Amino acid sequence: MHDTQIKKLIDAEKRRQKNVINLIASENYVSKDVLEALGSELTNKYAEGYSALRYYGGNEIVDQIENLAKTRALTVFSLKPEEWAVNVQPLSGSPANVAVYLALVPQGGKIMGMSLDHGGHLTHGHKVSITGKMWTQVPYGVSKETERIDYDALRELAVREKPAIIVAGFTAYPRVIDWAKFREIADACGAYLMVDLSHTAGLVAGGAYPSPFPYADIVTTTVHKTLRGPRSALIFSKKDTRGLPVKIDKAVFPGMQGGPHLNQIAAVAVALQEDAAPAFKKYAAQVVKNAAALSDELQKLGWRIVSGGTDSHLLLVDVWMAGKGIGGKEASDRLEKAGIIVNKNTIPNDARSPVDPSGIRLGSAAETTRGKKEKDFREIARKIDKILRT
Ligand SMILES: *Cc1c(COP(=O)(O)O)cnc(C)c1O
């Protein structure tokens, strides 16, 4: 690279990534092949539209790439092309979710999503996001006692509010989600069921977490979290008489976006092929085992884990412990100084503020990619305990 300034910074970031213990639940490390596709000449190509329906010439090769990415996206989740369509053009998770609402929810209509401070995502209708300005959020949360979703309360709220769409799938919810219950509730109030699988898609692909596909109308997911691909997103839509795939395609382009990022789509295809390989099943299982080991060891050392544990790659540690511990910001700062990277996070019904909440969120996906096993995660738990103990 001729740009020595940027080259230096890239090298510095590479070193940083090598030297830290990365427990950011939404991060991962992609393969060299994914990087190669991202850094390819495909970035030079404009291809507004969809395969065989483009607004520019010269698409015979990129059409094949986009089609391959779609085929692989269906394959990795064992979906039949007669039953599911997929759009591989969303640039990231947030625009993917906006595209779904644009397709299915009239302006001002109701999006029922988990509130941010209980583990939902900004794009599930939060007021600072476009999704809370163009549409109206009907927020739900977790039960105070169990810190898990209370499906009876959810049903009551849904039937009362009659949202156009219910969003299930979260950014800081460590437990298995009862997808069938969500389906029943959506049917009871006549709403679409959208699953935002961003965090757990890789676990579902690897068979380590229940699949929402038998129950959902729409499934969105980022590709850069547990799926271990480039920053990108996918929107799956059920093929039936409602014409969802056509609505979704129109919402992504021309509704939301212009030309697709074909280097990114090629990298998605590469990642999805890796995700379908037998080694990825082992990886996904290990991710879950490692998170469980981390959670278990922290509990043994006296830390409170939100909901009492985890069924996935992530856990929330209540570091504040009602005043007996330290704030989430201080916890994350102290850990970073010691080379352990986490993010501060609210816990359900947090008594503190989002800028300095009571919790930290830990995830096992990135360090599992680097080969760590349960005993390593128990060791990490002991390190964390030493650093955070007041
Ligand atoms: C990460 C995430 C997103 C947004 O993804 P970006 O690529 O950061 O826009 C949306 N929903 C959920 C549940 C997420 O975890």
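Student: What makes the pair between the backbone nitrogen of Trp320 and the side chain of Asp318 a polar contact?

Tutor: This is a predicted model, and in it the backbone nitrogen of Trp320 lies 3.2 Å from a polar atom of the Asp318 side chain. The cut-off is a pair of N or O atoms within 3.5 Å, one able to donate a hydrogen and the other to accept it, so this pair counts as a polar contact.

Student: Which other backbone nitrogen does the side chain of Asp318 reach?

Tutor: That of Met321, at 2.8 Å. Again the limit is 3.5 Å, so this pair passes as well.

Student: Why is Asp318 called buried?

Tutor: Its relative accessible area is 6%. Buried means under 20%, so Asp318 gets that label.

Student: And what is Asp318 in contact with, leaving aside its neighbours within four places in sequence?

Tutor: Trp303, Arg304, Ile347, Ser358 and Gly359. Contact here means heavy atoms within 4.5 Å.

Student: Where does Asp318 sit in the fold?

Tutor: In strand β12, residues 314-318. That strand belongs to an open sheet of four strands, in the order β11-β12-β15-β14, with antiparallel pairing.

Student: Why do β11 and β14 count as edges?

Tutor: Each has a single partner strand, so one side of β11 (304-305) and one side of β14 (343-345) are left without a neighbour in the sheet.

Student: How do you know that β14 and β15 really pair?

Tutor: Pairing takes at least two bridges, and β14 and β15 (residues 359-363) have three, so they qualify, in the antiparallel sense. Asn343, for instance, stands opposite Arg361 in β15.

Student: Which helix lies across β11, β12 and β15?

Tutor: Helix α11, residues 278-300, running at about 15 degrees to β12.

Student: What about the open sheet of seven strands: what is its order?

Tutor: The order is β4-β10-β9-β8-β7-β5-β6, and the pairing is mixed. At the edges are β4 (84-87) and β6 (136-140), each pairing on one side only. Neighbouring strands of this sheet are turned by 20 degrees against each other on average, direction ignored.

Student: What makes β8 and β9 a pair?

Tutor: Strand β8 (residues 192-196) and strand β9 (residues 218-222) share three bridges in the parallel sense. The requirement is at least two, so they pair.

Student: Which helix touches β6, β7 and β8?

Tutor: Helix α7 (residues 179-189) packs on the sheet there, its direction making about 170 degrees with that of β7 (165-168). Helix α9 (residues 244-256) lies across β4, β8, β9 and β10 (233-238), at about 150 degrees to β10.

Definitions and conventions
Residues numbered from 1 in each chain as written. Predicted model: local features only at pLDDT ≥ 70, side-chain atom pairs only at ≥ 80, totals over all residues. Heavy atoms only, no water. Buried < 20%, exposed > 50% of the residue type's maximum accessible area, 1.4 Å probe, protein only. Axes fitted to C-alpha atoms, helices over the stretch in contact; angles between N-to-C directions.
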